[in-house]
Amino acid sequence: MTENNDTGNGTDARTGTSSGSGSGSGNGNGGGNGGGVVSSPTSRRALLLAAGSAGATAVLSAACAAPAGTRGAAGMPSATPARPEAAGTTAPACVLAVGAGAGPYYLDLDLVRSDITQGRGGVPLRLDLTVVRVPDGCRPLPAAGVEVWHADADGDYSTGKDTFLRGTQITDRTGHCVFHTIVPGWYAGLAPHIHFKVRPDTRTETTSQLFFPEDLLTQIYTRRPYAHRTPPEHPNQRDSRYRAAGKTMTLALTPDGNGYHASYTIGIT
């Protein structure tokens with residue numbers, strides 16, 4: 001299954017426009033600007049968000065450090081989130097995530113889980129995500145719902161009754177959550193990517209996607225189970241979305257056992 005029409009101008013019937021600060025287009029997909037819209041499914045995830053939001057104000061008053069090695073959306077190491085300093089001082093080391101649409105394979109499922117592999121083979125990837133409020137001095141955002149979904153090693157998405165490589169986590173008091181997954185395969189002329197959606201509460205959301213370093217992808221795709229297909233010579237550069245937002249939204253992967261680890265700070269408004 002291929003994602004031939006990933007989004008249209010960064011919007012769809014559910015998300016409207018996502019709260020990124022840039023745009024990208026190509027292959028029917030584009031990044032978008034602005035804020036999210038109402039989305040309040042009655043689910044375990046929604047209940048968790050509502051319960052967590054009650055104590056969020058108190059938690060936000062504490063300046064909590066992001067995990068060591070966390071990288072900001074500009075691809076640079078993030079500073080410890082803190083209160084804004086006096087005028088004239090250096091700006092916080094985090095930026096808004098570049099918005100993008102959810103794509104045709106988004107499913108609004110109630111899958112609160114950290115390990116989303118569900119038996120799918122591939123190079124293991126531990127993905128540490130930290131959500132921060134950029135206008136609030138890059139302060140960590142607790143009790144936010146973070147959804148991720150992506151293709152398997154063959155470039156296929158779960159549909160229908162399948163739920164592999166999809167899941168939701170609720171950020172802890174430091175704005176942090178972890179997903180255990182695999183490096184996605186390629187398909188449809190698009191740069192390999194991981195979709196994510198952040199819901200700071202039951203009413204708003206930010207949607208975007210994360211890319212991978214091209215040189216590392218070419219190495220990974222020589223390994224099983226990816227190697228039974230012939231990978232594109234340049235899996236990223238053929239995609240105008242990556243050319244528009246790759247500098248901001250590309251993960252930095254480090255070896256971790258027989259797979260990789262990546263940390264990323266998602267800046268939202």
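How much accessible surface does the chain have, and what share of it belongs to carbon and sulfur atoms? It comes to about 11000 Å², and 53% of that belongs to carbon and sulfur atoms. Hello everyone, and please keep in mind that this is a predicted model.

Let me start with the overall picture. The chain has 269 residues, and buried residues make up 53% of them. Its secondary structure comes to four helices and eleven strands. If we take the contacts with a separation of 6 or more, 74% of them are between residues 24 or more positions apart.

Now, the cysteines. The structure holds one disulfide, and the partners are Cys94 and Cys138, with their sulfur atoms 1.8 Å apart. The link is left-handed, with -90° about the S-S bond.

On to the inside of the protein. In soluble globular proteins, nonpolar side chains tend to be buried together. Here, the largest nonpolar core has 42 residues, and the ones touching the most other members are Leu129, Tyr226 and Met249. Among the elements that give two or more residues to this core are strand 3, strand 7 (176-182), helix 3 (214-220) and helix 4. Strand 11 gives the most, with five residues.

Take Leu129 as an example. Setting aside neighbours within four places in sequence, Leu129 is in contact with residues including Val146, Val148, Cys177, Phe179, Leu210, Tyr264 and Ile266. So there we meet Cys177 again, as one of the contacts of Leu129. There is also a second, separate core of five residues, which includes Trp149, Tyr157, Tyr187 and Leu190.

Last stop, helix 4, residues 240-249. Is this helix largely enclosed or largely exposed? Seven of its ten residues are buried, so helix 4 is largely enclosed by the rest of the structure. Those buried residues include Tyr242, Ala245, Gly246 and Met249, and Met249 is one of the residues I named for the largest nonpolar core. At the start of helix 4, a side-chain oxygen of Asp239 comes to within 2.9 Å of the backbone nitrogen of Arg241. Arg241 itself is buried.

Note on methods. Residues are numbered from 1 along each chain as its sequence is written. This is a predicted model: local features need pLDDT of at least 70, side-chain atom pairs count only at pLDDT 80 or more; totals for chains, interfaces and linings use all residues. Side-chain values use heavy atoms; hydrogens and water are left out. A disulfide is a pair of cysteine sulfur atoms within 2.5 Å. Buried means under 20% relative accessible area, exposed over 50%, partly exposed in between (1.4 Å probe, protein chains only). Contact means heavy atoms within 4.5 Å. Accessible areas come from the Shrake-Rupley method with a 1.4 Å probe; for residues, only the protein chains shown count as cover. A polar contact is a pair of N or O atoms within 3.5 Å; within protein, one must be able to donate a hydrogen and the other to accept it, and residues adjacent in sequence count only if both atoms are side-chain atoms. A nonpolar core is a set of buried Ala, Val, Leu, Ile, Met, Phe, Trp, Tyr and Cys residues joined through side-chain atoms within 4.5 Å.
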